[in-house]
Amino acid sequence: PGTPSGLWGALTALSPQDWEQRQEEDTLLIERILLLVRNVLHVPPDPTEEQQGVDGDASVHDRVLWALHISGMDDLLKFLASAQVEQQWALHVLEIISLMFRDQSPEELAALGQGTAGAEHGEDMRELEALRQRELAEKRARALQRPSRHSRFGGSYVLQGLKSIGDRDVVFHKGLHNV
């Protein structure tokens, strides 16, 4: 286990240091490395290069992201984004993360985050929809089995000969068996 070399080694060696102990050169080096990563990710895709690849082959952008992951740069970006003392790098990290996800749609990212739970949820939703459709069909079938005419008599009666408070007859709104 030797120490990492190159830009990555410089960044990993500087990041755990307390921000008060960093020299101005160290701060500039971290910023330059973050800008370099941002600029590499900002390069637009070359359509001719993308068309030459085999279907399912990773694009250049995807290969760069994989190299960043293998090197551990993604973990360092998460550290820089979440550490309270490293807030000065927040905009650089935000820019890098947005460039990492530039080719992805929100729907694809949400589906990837759900994984098998999303597939199970979709299956449950299909089962619920099938049960709902079956229930609606049974309800329609029961409605067709009932006689089509029913009494429209709502149960309001006028009791003649029995006066209400005024000079009018009493209006009764329940069945006659309850009178």
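At 42% relative accessibility, D103 counts as partly exposed, a class that lies between buried (under 20% relative accessible area) and exposed (over 50%), computed with a 1.4 Å probe on protein chains only. D103 takes part in a salt bridge with R102, their closest N and O atoms being 3.6 Å apart, where a salt bridge is a side-chain nitrogen of Lys or Arg within 4 Å of a carboxyl oxygen of Asp or Glu. R102 is likewise partly exposed, at 28% relative accessibility.

The model is predicted, with local features needing pLDDT of at least 70 and side-chain atom pairs counting only at pLDDT 80 or more, while totals for chains, interfaces and linings use all residues. Residues are numbered from 1 along each chain as its sequence is written, and side-chain values use heavy atoms, leaving out hydrogens and water.

The chain has a mean pLDDT (the predictor's confidence in each residue, from 0 to 100) of 76, and 70% of its residues reach 70 or more. Confidence is lowest in helix α1 (residues 6-14), at a mean of 57, and highest in helix α6 (residues 90-100), at 90; helices here are DSSP runs of H or I with at least four residues, numbered from the N terminus.

A search of the whole structure finds 4 salt bridges. One of them joins R38 to E95, with the closest N and O atoms 3.3 Å apart, and this pair links distant parts of the chain, since R38 belongs to helix α2 (residues 24-42) and E95 to helix α6, 57 residues apart. E95 is partly exposed, with a relative accessible area of 34%.

Definitions and conventions
Helices (H or I, at least four residues) and strands (E, at least two) are DSSP runs, numbered from the N terminus.
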